[in-house]
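Here is a short briefing to read alongside the model. It walks through a few local features, grouped by topic.

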Amino acid sequence: MKKEILTSSRLGESCTRIKHDSGLTICLYPMKGYSTAFAIFGTRYGSVDTTFKTDADADFITVPEGIAHYLEHKLFEGEECNAMDKFAATGAYSNAYTTFDATAYHFTCSSHFGQNLRTLLDFVQNPYFTDENVQKEQGIIAQEIKNYLDDPGWRVFFNGLQAIYHNNPVRIDIAGTVESIAQINKELLYRCYNTFYNLNNMTLSIAGNFDPDEALRICDEMLKPARDTGLQAIIPEEPPTIKEKRVTQKLYCALPLFQLSFKRPNLKGRESSRQYFIYNMMLDSAFGFFSPFFTKHYDSGLINDTFDASVFKGRGFFIPMISGDAREPDRVVEMVDKEISRLKKEGIPEEDFEIVKKATYGDLISAFNNVGAVAKGMMNADFNELNIYDNIEMAAAVTYEEAMEALDTLDIGNSNLSVVEPLER
Amino acid sequence: MDNLYNRHKIADEVYFTSITDTKFKINRVSVLFITQLSKNAAVNAVIPRMLTKCSAKLDTMTKLNKRLAELYSASLTFNVFPDGDNQIIEMSINVLNNRYALNSEDILRDSAQILLDCIFDPYLENGQFPAQSLELEKQNLMDDNDAEINNKTQYAYLKAYEEAFRGEPAAVRSGGRNEEVAAVTVESAMEAYRRIISEMRAEIICVGESDFTGLDTIFAEAFGKISRRPEKYEKSAVSLAKNEPVRLTETLSIEQCKLVMFMKTPLRKRYALMVMQSLYGGTESSKLFQNVREKMSLCYYCYSRYGYAKGFLTTECGVDGNNLEKAEAECLNQLEEIRKGHFTDDEVNKIKLFIINILKSSTDTVSGVTSKCMSGIMYPENAVTIDEMIGNINAVTNEDIIEAANSLVPDTVFILRSDKEAAE
């Protein structure tokens with residue numbers, strides 16, 4: 001077992017990161033004065049992981065869209081009872097989520113921490129899929145999919161992803177489609193489980209009111225050692241150019257919703273996180289709430305306070321995005337294009353960049369205020385080959401020149417505009 | 001209440017409360033104005049939008065937002081929301097603790113001053129809000145009101161809510177009706193602004209790491225400069241069920257139907273109803289989740305909400321049109337099960353532990369502490385401290401739960417149908 005104490009002089013706090021003998025990475029962050037503990041057990045397995053193999057497989061397999069999310073729904077079920085019932089017996093709140101590149105199971109409790117941690121480690125390590133329980137979930141997930149189909153915010157986002165990428169599986173809806181989930185069976189679920197729910201591919205992260213020694217004792221007792229199986233998940237080759245320039249859908253909404261997505265090459269690991277701060281600071285300086293752009297176009301009524309400019313990133317994708325609600329989305333894009341050209345020539349005011357940097361520092365420190373945010377932050381940092389304090393230092397190290405270089409890469413010619421227009425009632 | 005949270009009067013119908021908890025890395029200062037929902041809701045809702053855009057001292061949005069960013073991303077926000085028959089107009093600021101300042105700035109004091117300046121020293125032209133800015137914020141409010149349709153679950157809930165409380169102040173939308181927003185003038189806006197700061201009851205709630213020393217004096221001075229003529233505070237009235245339940249249907253071109261049922265209760269036993277609602281549809285171990293979702297696979301979401309102020313309980317789900325009747329029947333059947341006492345001590349204990357866990361969790365965020373504090377101020381009859389609330393939850397008996405379920409009377413059903421389902 002390899003144990004590291006990580007310290008932040010800026011926060012005056014420390015936490016522990018352990019590479020457990022089982023293969024699992026464990027991050028522990030006791031927080032004084034808090035009533036609750038938040039524990040999250042996650043795997044680097046999301047909706048983008050549709051084609052993969054381990055060293056035990058001769059060939060790559062491609063599985064139905066939405067299977068990572070389906071697996072997440074089914075994992076709570078055990079042979080004797082549902083894990084949610086076990087959490088409920090102590091009053092703990094439990095839930096799970098699937099993103100493009102991760103799946104995570106978590107609980108929050110103010111008592112019975114040890115019992116709940118045992119439940120978490122037990123059910124995530126012991127899948128129980130039957131033909132019957134797999135079939136039962138189809139109706140529930142179909143309703144979840146349909147709920148999102150009526151959501152203009154979700155559709156403008158997904159339509160945009162589908163339009164900038166040709167092959168990247170981030171263009172696939174996390175929950176799949178009613179048709180794709182109909183192909184999912186228990187054999188496929190076990191195959192995915194055995195591939196991705198290997199402790200070498202996972203992180204357990206705990207923050208708040210708990211005893212780290214007790215947590216480690218329970219881990220020692222319950223974690224089943226896993227062999228590194230040489231997992232390979234394929235993110236297909238992606239042309240550098242967008243698939244479609246503009247996509248539109250009509251749904252019930254008040255104002256048109258728009259999302260301008262800039263296609264950028266994929267970035268990996270630490271560099272992806274570093275560039276995330278560089279691009280976000282650049283976007284905040286150029287289009288943030290105190291930028292000349294924001295004030296001018298807010299005052300003219302072209303944009304409103306839903307306007308946002310930030311990076312959407314994950315394993316295999318890195319997308320600077322500008323989005324919001326506006327009566328004239330094409331005019332917003334025209335103005336954004338003009339502003340990018342102007343700033344490329346004239347430069348972002350250096351003073352504004354320094355203020356954005358200070359604001360970013362404030363946001364990063366504030367995130368350490370919440371047990372859930374800290375636990376998730378440690379897990380996400382680990383998935384990005386970082387520790388939770390690296391973000392603060394990484395953001396502090398961003399230079400004005402780097403922000404300007406990032407600005408230079410923004411190319412409206414290689415962007416997509418996704419719009420959801422109001423459907424008449 | 002007053003001693004516990006150090007709540008004290010600083011002006012006529014203006015109270016200052018501070019809650020210090022050194023575990024937090026941020027501080028939050030909230031100013032909440034409370035009035036009854038009325039025809040003035042629309043104009044009231046425009047005002048915080050105007051006030052949080054700039055002030056006389058920071059007279060453009062750029063200057064204000066830049067200053068907030070310099071203060072380590074201090075976040076100045078507004079929220080206008082209903083609480084029973086009342087409209088609450090909240091303006092607040094969230095800031096990083098002074099100890100994390102890189103250049104020894106007094107972040108809290110400077111930010112609180114910005115909030116004060118925005119509220120008490122707004123940017124005016126010839127004694128009025130600038131007409132152009134006012135028109136812009138009126139449009140933004142109308143767009144927000146229209147955006148109810150973006151979230152179909154919430155849209156269906158609000159439609160049912162409006163019908164359930166028709167004729168009562170609660171039926172007035174906290175953002176007002178768009179015709180009323182459109183009718184706001186520079187004169188009526190200024191009149192509303194004066195009414196907000198001089199006539200409405202106000203609560204200032206500070207939560208965070210700081211001890212907030214001296215902030216009460218600054219707020220007292222600001223309110224002291226205003227001639228306060230407080231309006232009479234009207235407590236929300238419990239709503240009586242209609243003689244005949246109302247059933248409304250609207251059809252839209254959507255993928256999933258929404259069912260919302262409102263029931264009302266004259267029973268004022270908040271904790272019994274809270275436990276009953278959680279047992280019925282408040283958690284993953286609830287009757288609705290376990291049966292309508294897990295056993296019958298009819299829904300992704302199926303839950304209930306309880307509103308103490310007006311005395312109501314909802315049942316809500318998203319379902320395929322051809323399963324609507326089945327879902328509605330099963331939801332009602334599950335309520336009937338509780339009415340008949342068909343639940344176990346074990347189920348009730350789980351629910352109580354869950355509620356207690358949620359109550360304790362609320363002490364771990366500044367927004368949770370602010371909201372619990374406000375609830376205690378608005379409804380002091382219900383208990384104040386978390387420990388008192390936990391005691392009240394634990395004291396609920398199975399008979400109380402059965403009584404609570406039997407007190408519910410059907411009032412309104414709203415169904416948002418899909419034309420796609422109808423065509424199939």
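Helices (DSSP runs of H or I, at least four residues) and strands (runs of E, at least two) are numbered from the N terminus. Please keep in mind that this is a predicted model, in which local features need pLDDT of at least 70 and side-chain atom pairs count only at pLDDT 80 or more, while totals for chains, interfaces and linings use all residues. Residues are numbered from 1 along each chain as its sequence is written, chains are lettered from A and ligands numbered from 1 in the order in which they are written, and side-chain values use heavy atoms, with hydrogens and water left out.

**Positive phi values**

- Most residues other than glycine have a negative phi, and most peptide bonds are trans.
- Y72(B) is a residue other than glycine with a positive phi, and its place is the loop between α3 and β4 of chain B.
- With 1% relative accessibility, Y72(B) counts as buried; buried means under 20% relative accessible area, exposed means over 50%, and partly exposed is in between (1.4 Å probe, protein chains only).
- S297(B) is not a glycine either, yet its phi is positive at about 55°.
- The loop between α11 (287–295) and β9 (299–303) of chain B holds S297(B), which is buried at a relative accessible area of 16%.

**Helix α3 of chain B and its partners**

- Which residues of α3(B) are buried? They are M61(B), L64(B), N65(B), K66(B), L68(B) and A69(B).
- In chain A, these buried residues pack against α10 (292–299) and α12; in chain B, they pack against β4 (75–83), β5 (86–96) and α4 (107–120).
- K66(B) also forms a salt bridge with D352(A), at 3.0 Å from N to O; a salt bridge is a side-chain nitrogen of Lys or Arg within 4 Å of a carboxyl oxygen of Asp or Glu.
- This pair crosses between chains, joining helix α3 (residues 61–70) of chain B to helix α12 of chain A.
- D352(A) is buried, as its relative accessible area is 4%.

**Other salt bridges**

- Side chains of opposite charge can pair when their charged atoms come close.
- How many salt bridges does a search of the whole structure find? Over all chains, there are 58.
- R173(B) and E148(B) meet through their side chains in a salt bridge of 2.5 Å, N to O.
- R173(B) sits in the loop between α6 (152–164) and α7 (178–182) of chain B, and E148(B) in the loop between α5 (131–146) and α6, so the pair ties together parts that are 25 residues apart in sequence.
- R173(B) counts as buried at 19% relative accessibility, whereas E148(B) is partly exposed at 22%.
- R201(B) pairs with E203(B) in a salt bridge whose closest N and O atoms are 3.0 Å apart.
- Are R201(B) and E203(B) buried or exposed? R201(B) is buried, with a relative accessible area of 9%, and E203(B) is buried, with 0%.
- A network of salt bridges links K74(A), E77(A), K136(A) and E137(A) with R293(B) and E294(B).

**A negative surface patch on chain A**

- E350(A), E354(A), E401(A), E405(A) and D408(A) form a negative surface patch.
- Patches are made of residues with over 30% relative accessible area and no salt bridge, like charges being joined within 9 Å and nonpolar side chains (Val, Leu, Ile, Met, Phe, Trp, Tyr) within 5 Å.
- Two or more residues of the negative patch come from each of α12 (350–366) and α15 (400–409) of chain A, and α15(A) gives the most, with 3 residues.
- D408(A) lies in helix α15 of chain A and counts as partly exposed at 48% relative accessibility.

**Two buried loop residues of chain B**

- N382(B) is found in the loop between α14 (366–378) and α15 (386–394) of chain B, and it counts as buried at 6% relative accessibility.
- Leaving aside neighbours within four places in sequence, N382(B) is in contact with R270(B), Y271(B), Y308(B) and N392(B); contact means heavy atoms within 4.5 Å.
- S304(B) lies in the loop between β9 and β10 (306–307) of chain B and is buried, with a relative accessible area of 5%.
- Beyond its neighbours within four places in sequence, S304(B) is in contact with residues including Q277(B), Y280(B), L288(B) and T314(B).

Technical notes:
Areas by Shrake-Rupley, 256 points an atom, 1.4 Å probe, with all protein chains shown as cover. Lys, Arg positive; Asp, Glu negative; His and termini not counted. Charge placed at Lys NZ, Arg CZ, Asp CG, Glu CD.
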